[in-house]
Every structure is written in structure tokens, then in C-alpha cells.
Amino acid sequence: PAVRGLAGQTLGQHWPKPASLNIFKGPLLLRSMSSLSSADLPATGPLAGLRILDLSRILAGPSSTMLMGDMGATIVKIERPGGGDDTRRYAPPYIQKKEGEDSDLAAYFVSCNRNKQSVAVNYTKPEGQAVLHRLLETSDVLVENFKTGTLAKYGLSYDQLKDKHPGLIYCSITGFGHTGPYSKRPAYDMLIQAMGGSMSITGEPEGEPMKMGLSMFDLTAGLHAVIGILAALENRRLTGLGQHVDVAMLDVSVALLQNQGMNYLAKMQRQARVGNSHPNVVPYQVVKSKDGHFILTASNDEQFERFCIVGDAEELLQDERFNTMKARVVNRVHVTQVLNDVTRKHTTAWWLEQLERENVGCAPILHLDEVFADPHVQARSMEIKMDVPGCEEPVSLIGSPMKFSETPVNYRWPPPRVGEHTEKILAEAGYSPTEVTELCNLGAIDKLKNAPQSAARA
């Protein structure tokens, strides 16, 4: 059955993809197609035919591979036998088995692990390493986010694999990269927010440095990994050769300083925190209303004039502290105080209605329940429902933001149990049932007993 967005859109249309649109065309790039089981529902996205061996865990790597899985890639998730990905234990909260009863699936794990098939492999054993080498024979990409040097202990570093697999795209996502004085350090998102400068410019002017509410650099490192992998695949299409894609969270955090970083580099002066305001535009901030707060972004003089007309504050346009963009930035404190006096006169709903009518930038500040109830979010299928084995009702998941007119994403596999697909994937790789049993007995692999079947792979 097709997975449907809550607004009713069918998301699992099986549209054929013309061969001429396949960017993986070539002897090294089409080989993975032959390993697809006829029982699998076809991937419809633009990356259909791409096969990725996913050794990553936690968030940065899994978020990147899920994005590519949604876009059609076959993701083989390698997990430790028994425990699996650490985020299986990042709970509560858990996905609900039924109303008022938790399942054993952590919401954190579910957030970044759909459209993947789990294979439990102990690659610290030579026999487990041999399994990964067999799987690499039909893989286009390997993704890992271990601390630099970890996989070399098991013969699985890029330098140890590249000669045997010259077409392999090997993507490493680490805190500090594979070169430089910090390359051996472990990293977490908050450490990178601190070291990359973003905390120093986030928070109230007189308050303490503040982290963002999201794991921003885990997630954006994952996005940069996808970009790097796709660029390396295009180069492989031209040259036939793979390469190492080295993505560092610290590099990403510095790159994303962008205009804020250039504000510093322009004059080599530290930037003061401006809280919920913008360093270069006023007003572009949270403002108070009669019954709460809203966002006001009058980001040019024309919008500011329209705001003043709506707010019955046209006298401000004659005040030299208000009548140009530069003046409003220079006089930020006074301007902010006066504008809050203006916005307090009416409710948030009044301001939003009036300002939107005049094309002045504004927005409500929504809680997550309000976000997922928003008609536009629903219309864009950003909340979907999937049947998850062990759960009595379909489970709400966050949809993919990637919208393609000809090759739409689809949702084929719910988040897997540890080792749920070990037997299936190893059979596709040529292992006999006897060999699988022997590997299990050696502790090189594990498989899920009585693996649950999913009815939501559309």
C-alpha cells in the first residue's frame, strides 16, 4: 500500500525512470541494480539504483543516508549485534505501540533511520570483516562517522579499500576531519557549536552564550555529506574513479558562519550578540504584541514604511534614527524599544493579518503541535504515516523535504530492528543459509529471530 501524507497525497507512485535520466549509468554504477530482490517495492526517487553501505550511527551519518534512502538509494545499515545503533537507547520518548503504551523504538532512532535495511555484523572479527568486503563488491558508497583511525584497525579505512574497490565513494563524517591537529578528537554537536563560534553570537546580549535548539552541525554535516557524495558520483561518472569525501563538523560550522563570519573578517572585530535580532537589519526580530510575540522582518526601507503606516506610526519616518536601514541598525536599542511600544497595541493575530496584507515580513512563533497542524505543512506532506511492525496504529514520521516532479521520493522500509534484514541482504550477496548459520555461530553476524514484516514499504 502507498504511504499517504496526512493531507491525502499519495506519495508512493511507482513512476518508471527513463534510463537516460540515470546519472549512475556506467559499468561501475549500474551493478547494484542486479542485487535488488524482486520482492522489494521499487524505489521511485532520483537515486534509485545507488547502493550505500552505511556504517554510521547516532545522527550526522544516519540523517544523510536516510535522505538518500528517501530519494531511492538502497541503504544497508550495518549495526553491532545485540545493541545496534546507540540512538536505539536515546529515550524516552518512545514511539507509541498503542495509545498510552510505549514500544521499544526510541523516537530519536526513528527520526533518521527509515528506508534502511539492518544487517548485524561484528566487524571486529575477521569473519565479520569478510562479510563487509563481500557487501562492498556491490556497493557504490560507504558512509561512516567513526573517530578518525577507528576503522583502520579492522582493515576498513579508505586507504585500505581503495585499490580493491577503485570506484568506491567513501564518505567520512567526523568532528574535525581526517587531517589537522584535532583530527583524533571525538566530537559532539554542542562542542562544535562552541568551537565553531555560533554560541558566541547566539543568546541575549547580556546573557551567557547559547546553543541552538537543534543538533545543527550534526544535521548540516549530514547534508554536506550528501552534497559531497553526489558530486563525487558525478566525477565517477566522468572518470570511473571513486574518492574519499572528508566532511568535518567544525569545517561545516565555520562555513555556515557566512555573513556573520564576514562581519568579523571585514574589520577583524568580535561581533556582539544581538539576541533574537539581526546584526545587519532592524527590525528583523521578535517583537511583543498585546497577547504575546511575533516575528517582524521589515528588511528594507519600503517594508518599514508600510509597517509604520499599518501601525499608525508614520511620524517615525521623519525621525533620522528610523528613516534609513543604516540608521535603524546604528540606533538599534532605541528603535527596538519604540517599535515594541507600537506592536504592543494590537494582538498577534491582528498584526499578522494586517502586515501580510501589506506584504511586510511577519510570522507567528509556533510550538511543535502547531507546526504539525499547520495546513501548509500538511499540504506539503511534511507529516506522513507509516505502518511500523509492533505498533497497532500507523506511526507519524517527518516527511522528506525533497519534492521532485518526475522522480518523487517514496517510503519503502520503516525503521528496522537490529539485524532484521541480515539473512535477506546476505542471501542477495551470495551467502547460502548454511554459511549464514556458520557466521552466526562464529559471532560474526546476528539476525533477528522471527523478523516482523512491514506492510508499509511503499
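**View 1. Lys98, at 38% relative accessibility, counts as partly exposed.** (Buried is under 20% relative accessible area, exposed over 50%, partly exposed in between, with a 1.4 Å probe and protein chains only.) Its side chain meets that of Glu101 in a salt bridge, at 3.7 Å from N to O; the term covers a side-chain nitrogen of Lys or Arg within 4 Å of a carboxyl oxygen of Asp or Glu. Glu101 is partly exposed too, at 30%. This is a predicted model, where local features need pLDDT of at least 70, side-chain atom pairs count only at pLDDT 80 or more, and totals for chains, interfaces and linings use all residues. Residues are numbered from 1 along each chain as its sequence is written, and side-chain values use heavy atoms, leaving out hydrogens and water.

**View 2. Arg88 and Glu79 pair up in a salt bridge.** The N to O distance is 2.7 Å, and both residues are buried. The structure holds 18 salt bridges.

**View 3. Arg321 and Asp319 form a salt bridge.** Here N to O is 2.8 Å. Arg321 has 35% relative accessibility, so it counts as partly exposed. Elsewhere, salt bridges with shared partners tie Arg51, Lys424 and Glu428 into one network.

**View 4. Ser253 sits in helix H7, residues 249–255.** (Helices are DSSP runs of H or I, at least four residues, and strands are E runs of at least two, numbered from the N terminus.) Ser253 is buried because its relative accessibility is 1%. Neighbours within four places in sequence aside, Ser253 is in contact with Ile192, Gly196 and Phe217; contact means heavy atoms within 4.5 Å.
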